[in-house]
Amino acid sequence: MEKLELVDGKVNWKGETAVKHKHGGLRAALFVLVAFVFENLANLHLAVNLTTYFNGILHFQVSDAANALTNFMGTGYILSIIFAVFADTYIGRFKSILISGSIEFLGLALLSAQAHYSSLRPPPCNVFDPTSRCEKLESSDTVFLYVALYLVAAGMAGIKASIPSHGADQFDEKDPREAKTMSSFFNGLLFALCIGGAVSLTLYVWLDDHKGWDVGFGVSAIAMFLALIVAVLGWPLYRIHVVQGSSVLLELIQVFVAAIRNRNLKLPENPLELYEIDKDKEAALEDDFLPHRDVYRFLDKAAIKTASEKPNPWKLCRVTQVENAKILLGMTPVFACTIIMTLCLAQLQTFSVQQGLTMDTTIVGSFHIPPASLPIIPVIFLIFIIPFYDQIAVPLLRKVTGHVTGITHLQRIGVGLILSSISMATAAIMEVKRKSVARDHNMLDALPVLQPLPISVFWLSFQYFIFGIADMFTYVGLLEFFYSEAPQGLKTVSTCFLWTSMALGYYLSTILVQIVNRATKHITNSGGWLAGNNINKNHLNLFYLLLALLSSVNFCVYLFVSWRYKYRSKN
């Protein structure tokens, strides 16, 4: 009889220990990826088109609409940390997906209701007409909007916190073959995002603009419901991570508190004298023990044993606990260097869409591309380049470098960071060209959409295209880097580093827009680089140039950070 190969730390849907070749693997991960396709189908058009809804339907100013979107996106990412802690500590990653998906479904349904019923929104009005006086949302309707909006944000947060780690749970890092497949899974996450995004950025944006926002939000809710169905169908095949029952974040806080309390104690010369539980006496997994590393030695003081007092978790921590804290501390500078990239991404989802509204959107004949659909250009390219990168480029690079992922995670992240800087410089050049056309044709006061400038919207595709390639390198590299470097107890929390980085980038965008407007209020005729509804009279090109410079400085800092980083031992 063939001996069953059990998977440590994972169970099946019945709560029994998972069996390799029966549970998990690529077959189970496919259900996760398909569910992710539907989830992105449901919400990706919101990231690029909500400014149009806020501005054109709810009568927000352009900068207020941009800030409302970036705050919504930022909240959707920052809340992922809370869902990650609950997933790892209390409810598990799979249940977190189901609960989060249900919350997102409810929020989308409420948004659809507000867009459908005229009593919940202001009467129609052209905000671009200087003579019109458009009504704002009433206070009760504003509450309804933000409740629905942030239910969607909370649902997105839970999905983003749990899907990557639950999908990666289907593979064993210690098995060389499964480790390669896990690397392909992370590339598959971006591929799934692109497949869902391709439909969301075209069909769903078209539905928003031509069939009504109630229809757009409604079909989004249907897509989210289908995501939940697919996730449940894969349940019998999953390797399900066992809930820890203790808060990893609390244990990390204990390390820093204990290190401060023990700051006056002298470190032993031999690290083996530091406190650790006995392996032989604990029925624990090997992953529950990490070897001591000679970095961040000040944290080792949290594991100094003193014979004069009883063990206190706020004064004495295990070496493994300390090493977890060191890993988290070591990844923090890498995490910080990626915030600027999302700051750049936010502009492509807000101001670049507003640029597109002023341009000629004709493709052929009478067919027009909605400006919010411009990100489809890098998405289509990525649909082809991701399989090429994963199936051809990585194996070739693997032969040269000997690294299982072709190039290291940090190298991959760095490539994306420099490309984001190039994307912003390109955006600045394109904006100079667009404004020169408006000036040359005496169309600085032209109404967006109704009076398009004689310049094709496809000139904006260059900045989207370059940033799309940056996405493939940096964001997927970050997910894989955080998951691979973190010990078992920190897997979900660590992948949330990416989403937290994106959240801070969106929030920073809101702050930077306000700072730039205030700083330039008295030196521009428009009342600030980005003020008002007429971007033809704004100085968006200077703002893009500022972002390109910030990104370049950030990349230089990243080179130093990545050079100093030491990968943790997998043994």
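Is Glu 276 buried, partly exposed or exposed? Glu 276 is partly exposed, with a relative accessible area of 25%; buried stands for under 20% relative accessible area, exposed for over 50%, and partly exposed for what lies in between (1.4 Å probe, protein chains only). The model shown is predicted: local features need pLDDT of at least 70, side-chain atom pairs count only at pLDDT 80 or more, and totals for chains, interfaces and linings use all residues. Residues are numbered from 1 along each chain as its sequence is written, and side-chain values use heavy atoms, with hydrogens and water left out.

**View 1. Salt bridge between Arg 318 and Glu 276.** Arg 318 and Glu 276 both lie in the loop between helix H8 (248-261) and helix H9 (319-336), so the pair ties together parts that are 42 residues apart in sequence. A salt bridge is a side-chain nitrogen of Lys or Arg within 4 Å of a carboxyl oxygen of Asp or Glu. The structure holds ten salt bridges. Helices are DSSP runs (H or I, at least four residues), numbered from the N terminus.

View 2. Salt bridges that share partners join Arg 293, Asp 294, Arg 297, Asp 300, Glu 323 and Lys 326 into one network.

**View 3. Helix H13 and the residue Asn 442.** The 32 residues of H13, at 1.5 Å a residue, should span 46 Å, and the end C-alpha atoms are 47 Å apart, which agrees. The expected span is 1.5 Å times one less than the number of residues. Just after H13, Asn 442 has a positive phi of about 55°.

**View 4. Cys 194 and its closest cysteine sulfur, in Cys 344.** The two sulfur atoms are 19 Å apart, too far for a bond. A disulfide is a pair of cysteine sulfur atoms within 2.5 Å, and by this rule the count comes to zero. Cys 194 is buried, with a relative accessible area of 1%. Cys 317 is also buried, at 0%.

**View 5. Aromatic pair of Tyr 53 and Phe 217.** Rings of Phe, Tyr and Trp (its six-membered ring) pair if their centres lie within 6.5 Å; planes under 30 degrees apart count as stacked, over 60 as edge-to-face and the rest as tilted. The count comes to 22 aromatic pairs. Tyr 53 and Phe 217 are edge-to-face, 5.4 Å centre to centre with 85° between the planes. Tyr 53 lies in helix H1 (residues 25-57) and Phe 217 in helix H7, 164 residues apart. Ring pairs link Tyr 53, Phe 54, Phe 60, Trp 213 and Phe 217 into a cluster.

Conventions
Helices (H or I, at least four residues) and strands (E, at least two) are DSSP runs, numbered from the N terminus.
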